[in-house]
Amino acid sequence: MSLLETARAWADADPHDGDREEIEALIEAENRTELERRFAGPLTFGTAGLRGPLRAGPAGMNAAVVTRAAAGLGRWLADAGHAGGSVVIGFDARRRSDEFARVSAAVLAGAGFAVQVLPRPLPTPVLSFAVRHLGCVAGVMVTASHNPPDDNGYKVYLGDGAQLVPPADREIEAAIAAVGPAREVPTSDDWLTLGDDVEADYVAAVVRALEPDRVPAADRAALTVAYTAMHGVGAATTRSVFAAAGFAPPVSVPEQEEPDPAFPTVTFPNPEEPGAVDLLTALADRVGADVAIAEDPDADRCSVVCGGRQLTGDEVGGLLGDWLLRRGVRGTYAASLVSGSLLHTLAEAHGVRFAETPTGFKWIVRAGSDDEPLVFGYEEALGYAVAPEVVRDKDGMSAAAAVALLAAELKASGRTLTDRLDELALEHGLFATGQLSVRVEDLSRIGAMMARLRSAPPSRLLGREVTASDLLDETPAVDAVRLLGDGVRVIVRPSGTEPKLKAYLETVMPVHGDAGITAARVRGAEELDRLRAEMSTTLGL
């Protein structure tokens, strides 16, 4: 079948008038370049579901693709013995999110499932909570998280409230591929729109888990928090959590408070991106905030600014892990293999179990055991699970409240988050972490760089001997290489979401007395720069 014939067949089967007209216009104009882009292949159903640009055709997010995804998910659930079970669906405020939620509801209801849809745009952690809270066999969240404005996505949670892991992703992808034309998929309007109870129950559960009463009420009330929802859906729920925990209302960046799918004040709606928290930092300075917190648009991640400095994900992960350990919370503490080593050191010092996992919260939340359940997990990309018994995924809102509780405790003794980091450095050494990120146009370059590294890994970094380990040889296999030596560690892996190769760098500095902290930070920054240069040479950049 020719490209034009393939496009015509897709358009004929497309149930959405606007999407169908979009493809028909390209056919009429014989715009082969754009058609080739739209029909290069279907979006890959990865371990976080679908994610891609909003456009008609199989290589985009649109009503036909969502219809077939929901039908494939329904078939997979039925084959797994969950026919007729409950499914809950949530959505954020991106373009077409509400529409895709309704499409999914109609398809899954048509397949015989008892479908419930959250009442309005809400954060992803509320959906993850709702899956177990409502006793569902699965959950769907329509979101592209912190992707650019023109994207949307479709994230699937299993009945345990966690994102799916292999081989379920490949099995669902195969089920989607077996779905017939989208126009022929059965649908039903027999689904339920929920009220506000689920959000309220989420807020109550988070506050119970965090035990804010362990911090005196006056100390909580005295804390000034600057906050931004970054044009996303986190503001209302976050405010409810803070109010229930006894904090004064956060002072919000007004330009970013309300949901806006255009994300007009940021280049990318991702707190990790340069400049993304500039408005927040300026607000914190104006109001004299003790701490400033930015959530990403679906509020499953958060970034922290203290004293005008944006903390790294590893620093916040260390602070939160230390806070819970000092509270006597015992169980499993976990971090992804690309995260820093401080949490491992802290867990070891407190005599609790630590687990290193592959990248992604789908692995982190599964790191616990019956005897030692997960009590805290984090990844360096600003994701934290401080109450995994409530949300089996990263949760920026509960993490924000935990950061505020820690900041309130420290303020009461005249200290800040950065002061506590200095104290940890004095006790355990300074763990300096950073990245080398290589964006490519030609994806084959990533494979070539990984092959080069595997065939000729460096024997020394920063003048120290290092040993290379290929993590493809471990279970589960991970496409990554670890270089490990005395006080130096590098993990190199392809990005799972972008055309990038990433090297995660870490060097550990001993600290000798209060006066040595500044020198250690300077030395750590210098060693990270040297590591970037040495790894650039190793990878042939």
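The model is predicted. Helix α4 meets helix α7 with their axes within 8 Å, and helix α6 meets helix α8 with their axes within 10 Å. Across the whole structure, a search finds 6 aromatic pairs; one of them, Phe129 with Tyr202, joins α6 to α8.

**Contact of α4 with α7**

- Helix α4 spans residues 63–82 and helix α7 spans residues 168–177; their axes cross at roughly 120 degrees.
- Because of this angle, α4 counts as oblique to α7.
- The crossing of the two helices, α4 and α7, is right-handed.
- On the α4 side, the contact is made by Arg68, Ala69, Gly72, Leu73 and Trp76.
- On the α7 side, Ala168, Glu171, Ile172, Ala175, Ile176 and Ala177 take part.
- Sorted by class, the contact of α4 with α7 comprises 8 nonpolar, 1 polar and 2 charged residues.

**Contact of α6 with α8**

- The axes of α6 and α8 cross at roughly 95 degrees, and α6 is therefore roughly perpendicular to α8.
- From α6, the residues Pro125, Val126, Phe129, Ala130 and His133 meet Val198, Glu199, Asp201, Tyr202 and Ala205 of α8.
- The class count for the contact of α6 with α8 is 7 nonpolar, 1 polar and 2 charged residues.

- A pair of aromatic rings is described by the distance of the centres and the angle of the planes.
- For Phe129 and Tyr202, the centre-to-centre distance is 5.9 Å and the angle between the planes is 70 degrees, an edge-to-face arrangement.
- Phe129 belongs to helix α6 (residues 124–133) and Tyr202 to helix α8 (residues 197–210), so the pair ties together parts that lie 73 residues apart in sequence.
- Phe129 has a relative accessibility of 8% and therefore counts as buried.
- Tyr202 has a relative accessibility of 0% and so counts as buried.

**Stacked pair and ring cluster**

- The ring centres of Phe376 and Tyr378 lie 6.3 Å apart with the planes at 20 degrees, so this pair is stacked.
- Both Phe376 and Tyr378 are buried.
- Phe376 and Tyr378 also belong to a cluster, linked by ring pairs, that includes Tyr333 and Tyr384.

Technical notes:
Residues numbered from 1 in each chain as written. Predicted model: local features only at pLDDT ≥ 70, side-chain atom pairs only at ≥ 80, totals over all residues. Heavy atoms only, no water. Axes fitted to C-alpha atoms, helices over the stretch in contact; angles between N-to-C directions. Helix = DSSP H or I, 4+ residues; strand = E, 2+ residues; numbered from the N terminus. Parallel < 35°, antiparallel > 145°, perpendicular 65-115°, else oblique. Left-handed = near helix turned anticlockwise from the far one by under 90°. Contact = heavy atoms within 4.5 Å. Nonpolar A, V, L, I, M, F, W, Y, C, P; charged D, E, K, R; others polar. Phe/Tyr/Trp six-rings, centres within 6.5 Å; stacked < 30°, edge-to-face > 60°. Buried < 20%, exposed > 50% of the residue type's maximum accessible area, 1.4 Å probe, protein only.
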